[in-house]
Amino acid sequence: MKTVSWIILLVVGALTLLTSLESANIAYRTDRERVAGVTLTELAAGKPDVETSLRARRGTAASFAAGFATLFLAIVLWPYRRGDRWAWWAILAGTLVVAVMVLLRIPALGMGLRSPGGGTATEVLLLLGVVAIGLALGAGRFRSGN
């Protein structure tokens, strides 16, 4: 189960990194982003500063996601695989913080589970579930002190 555990977590980290890089690509290099079905260019209505600000917000979010994914992968590939207890807790804590922050959009902004803006609450709950499965499969070796 130890190998299955870290491989599941490796896949989660890799997919998170790839998704964040694609999000940065959308922010910096394309006009594919839409807000409520409208492109950023249309939404900005001739105000380049508005479009730049919206792209920058997405780029910043993508940068933090890429940073989280990189740290996640580093923890999974070295200390977690090695069996360091703190790594199990660090992965759990980091994933919970991301999930809680995204899920706060529901009450704070009145959004549903599936709402505009990417990184939907449903996707975050799926991420949390898969990470929980990966951690659960590896939990036995951490409990036994191996």
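Colleague: Is Leu17 buried, partly exposed or exposed?
Modeller: This is a predicted model, so the answer is a computed one. Leu17 is found in helix H1. Buried means under 20% relative accessible area and exposed means over 50%. Leu17 has a relative accessible area of 23%, so the residue is partly exposed.

Colleague: Which residues does Leu17 touch, not counting residues up to four places away in sequence?
Modeller: Contact here means heavy atoms within 4.5 Å. By that cut-off, and leaving out residues up to four places away in sequence, Leu17 touches Ala66, Ala69, Thr70 and Leu73.

Colleague: How far apart in space are Leu17 and Val50, C-alpha to C-alpha?
Modeller: In sequence, Leu17 and Val50 are 33 residues apart. In space, the C-alpha to C-alpha separation of Leu17 and Val50 is 27 Å.

Colleague: What pattern does the chain follow along the sequence?
Modeller: The secondary structure comes to six helices and two strands. Read along the sequence, these elements give the pattern α-β-β-α-α-α-α-α.

Colleague: Are H1 and H6 roughly parallel or roughly antiparallel?
Modeller: Helix H1 covers residues 2-29 and helix H6 covers residues 121-143, and their axes come within 8 Å. The axes cross at roughly 155°, and angles over 145 degrees count as roughly antiparallel. H1 passes H6 in a left-handed crossing. By the angle, H1 and H6 are therefore roughly antiparallel.

Colleague: How many nonpolar, polar and charged residues are in the contact of H1 with H6?
Modeller: The H1 side includes Lys2, Ile8, Leu9 and Val12, and the H6 side includes Leu127, Val130, Gly134 and Arg141. Sorted by class, this contact of H1 with H6 has 10 nonpolar, four polar and two charged residues.

Colleague: At what angle do H3 and H4 cross?
Modeller: Helix H3 runs over residues 48-82 and helix H4 over residues 85-103. Their axes come within 9 Å, and the crossing is left-handed. H3 and H4 are roughly antiparallel, and the crossing angle is roughly 160°.

Colleague: Are the rings of Phe68 and Phe72 stacked, tilted or edge-to-face?
Modeller: The structure holds three aromatic pairs. In one of them, Phe68 and Phe72, the ring centres are 5.8 Å apart. Both residues lie in H3, four residues apart, about one turn of the helix. The ring planes are at 45°, so the pair is tilted.

Colleague: Are the rings of Trp88 and Trp89 stacked, tilted or edge-to-face?
Modeller: Trp88 is buried, with a relative accessible area of 16%, whereas Trp89 counts as exposed at 55%. The ring centres of Trp88 and Trp89 are 4.8 Å apart. The planes are at 75°, so the pair is edge-to-face.

Definitions and conventions
Residues numbered from 1 in each chain as written. Predicted model: local features only at pLDDT ≥ 70, side-chain atom pairs only at ≥ 80, totals over all residues. Heavy atoms only, no water. Axes fitted to C-alpha atoms, helices over the stretch in contact; angles between N-to-C directions. Parallel < 35°, antiparallel > 145°, perpendicular 65-115°, else oblique. Left-handed = near helix turned anticlockwise from the far one by under 90°. Nonpolar A, V, L, I, M, F, W, Y, C, P; charged D, E, K, R; others polar. Phe/Tyr/Trp six-rings, centres within 6.5 Å; stacked < 30°, edge-to-face > 60°. Buried < 20%, exposed > 50% of the residue type's maximum accessible area, 1.4 Å probe, protein only.
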